[in-house]
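Subject: Structure handover

Hello,

Here is the structure I said I would pass on. My notes on what was found in it follow below.

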Amino acid sequence: MVDFKCLKSPVIPPKPPDITNWVRPPENQVKINFDGAFNQASGEGGWGYIIRDQAGDFVAAGSGISVHLRDPLHSEAVACLAAVSGAIRVGTNRIIFESDASNLVQALKSNELDKCSPGQSAEQYLGLLGKGNLGNSSNHVFAVEFDTVQASGLLNETNGNHVGVDLNSLVSALSEPAGYFTDDGGRNVSVPLESAQPIQAWVDYDGRARVLNVTIAPASVSTRPHRPLISHAIDLTAIFKQDMCVGFSAATGKLASSHYILAWSFRTDGVAQSIDLSRLPKVPKTPAPPPSMSTVIMIVALSCAATLVMVVVAIGQTLWLRRRAALAETLEEWELDHPHSQWQPEARPSMRQVCQYLDGEEEMHDDAVLHISNVDSIDFGSLKSLTWSSCATMSAGSLRGGR
């Protein structure tokens with residue numbers, strides 16, 4: 001028994017996981033921590049991010065649900081894009097992104113996972129090609145563009161709201177104004193690509209018949225239009241290689257715009273899976289643009305005018321209250337010694353009335369008597385000889401009213 005106890009391995013408690021403390025960003029910067037989740041069975045997941053400043057204080061946060069995910073890296077990339085959108089809404093541009101997804105960090109820091117072709121440019125080249133490689137057969141690029149800007153005379157574009165087909169070049173081989181044909185009568189209905197409303201698009205290529213069909217319609221149209229917007233015979237065998245990449249690209253010039261791929265499906269042999277429009281995620285709300293200079297000037301002018309009116313009204317009310325207080329009745333010491341003048345206050349004239357009597361603006365009753373200090377009472381007849389100057393020189397304590 002003793003030997004067995006000696007041979008028994010001691011129980012070693014598990015080592016607690018390493019905890020990495022959150023490090024504050026440098027001064028005048030913010031840090032965004034984001035993360036994504038992925039469910040292999042359903043192809044769905046979620047994302048979340050939080051923005052904190054140099055003091056560690058909360059700035060903003062967001063979370064949401066992701067659908068049609070391919071793998072965990074895809075989920076982390078969606079979370080990263082959501083974090084970037086959150087930073088744009090906050091209005092900050094000095095940002096540090098932090099994630100626990102090492103594969104995504106590696107993809108962002110290096111070109112190891114980059115599938116882009118060399119020589120790509122933004123603006124009218126849409127991030128696909130560049131000025132130096134337009135039309136090269138080695139590009140192996142087939143693209144359907146949804147363009148809202150017309151490059152006058154350069155890229156064979158019909159207008160500033162068109163759908164085009166590009167083959168190894170951004171000079172469109174085909175271009176049509178964006179729209180769809182109704183099933184009842186075949187009427188062409190324009191589709192504004194900048195309407196900020198969901199738009200469906202179908203791109204079908206029949207390898208045997210070598211026919212390309214491109215169809216678009218607003219998401220509000222319940223069924224796919226039977227007649228495509230573009231239907232043309234195109235041989236893509238020289239463009240397609242054994243292994244090709246499928247995806248999306250977008251670019252802008254001096255103007256800024258947002259592009260959201262709400263859902264998509266792809267298939268190389270047969271019809272692609274239909275998209276359930278009821279499960280589409282909501283498009284993030286566009287932040288309100290800052291007010292124009294004229295609006296700011298108008299707001300400042302109205303604020304100043306309102307403040308001036310309030311000051312004038314306050315001054316006028318103060319002066320009125322002061323004048324009212326000056327003309328108000330005040331009980332003096334001698335009136336407190338003769339309470340009989342308070343028993344019938346209606347018989348006691350006010351100082352205003354006394355002045356009006358002495359100035360001749362108002363007549364006194366024949367039985368009215370004015371007492372002056374301790375002098376004997378005088379009747380109204382003697383008062384008529386008094387003038388306004390007499391009233392002005394009389395002190396407030398020398399007048400006493402009564403019957």
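**Salt bridges**

D204 is partly exposed, with a relative accessible area of 31%. Please keep in mind throughout that this is a predicted model.

The partner of D204 is R224, and the two form a salt bridge in which the closest N and O atoms are 2.3 Å apart. D204 sits in strand β10 (residues 199-206) and R224 in the loop between β11 and β12, so the bridge ties together parts that are 20 residues apart in sequence. R224 is partly exposed too, at 34% relative accessible area. As background, side chains of opposite charge can pair when their charged atoms come close.

How many salt bridges does a search of the whole structure find? The search finds four. Besides the bridge between R224 and D204, I describe two others here.

One of them joins E44 and R279, whose side chains meet with an N to O distance of 2.0 Å. This pair links distant parts of the chain, since E44 belongs to strand β2 (residues 44-52) and R279 to the loop between β12 and α4, 235 residues apart. E44 has a relative accessible area of 24% and is partly exposed. R279 also counts as partly exposed, at 46% relative accessibility.

The other is between K31 and E98, with 3.3 Å separating the closest N and O atoms. Again the pair links distant parts of the chain: K31 is in strand β1 (residues 30-39) and E98 is in strand β4, 67 residues apart. Is K31 buried or exposed? K31 counts as buried because its relative accessibility is 5%, and the cut-off for buried is under 20%.

**Nonpolar cores**

The largest nonpolar core has 21 residues, and V163 and I230 are the members that touch the most other members. Strands β6 (162-167), β8 (179-181) and β11 (211-218) each supply at least two residues of this core. The largest share comes from β11, which gives four residues.

Leaving aside residues up to four places away in sequence, the contacts of V163 include V144, F146, L174, A178, V214, I216, L229 and I230. V163 also touches E145, S175 and E176.

There is a second, separate core of 13 residues, and among them are F34, A79, A82 and L104.

**A buried loop residue**

A101 is in the loop between β4 (95-98) and α3 (102-109). The C-alpha atoms of A101 and P72 are separated by 9.0 Å, while the two residues are 29 residues apart along the chain.

**A nonpolar surface patch**

Which residues form a nonpolar patch on the surface? They are V246, F248, I261, W264 and F266, and together they have about 530 Å² of accessible area. V246 lies in the loop between β12 (230-233) and α4 (293-327). At 47% relative accessibility, V246 counts as partly exposed, because exposed begins over 50%.

Regards

Technical notes: Residues are numbered from 1 along each chain as its sequence is written. This is a predicted model: local features need pLDDT of at least 70, side-chain atom pairs count only at pLDDT 80 or more; totals for chains, interfaces and linings use all residues. Side-chain values use heavy atoms; hydrogens and water are left out. Patches are made of residues with over 30% relative accessible area and no salt bridge: like charges are joined within 9 Å, nonpolar side chains (Val, Leu, Ile, Met, Phe, Trp, Tyr) within 5 Å. Accessible areas come from the Shrake-Rupley method with a 1.4 Å probe; for residues, only the protein chains shown count as cover. Buried means under 20% relative accessible area, exposed over 50%, partly exposed in between (1.4 Å probe, protein chains only). A nonpolar core is a set of buried Ala, Val, Leu, Ile, Met, Phe, Trp, Tyr and Cys residues joined through side-chain atoms within 4.5 Å. Contact means heavy atoms within 4.5 Å.
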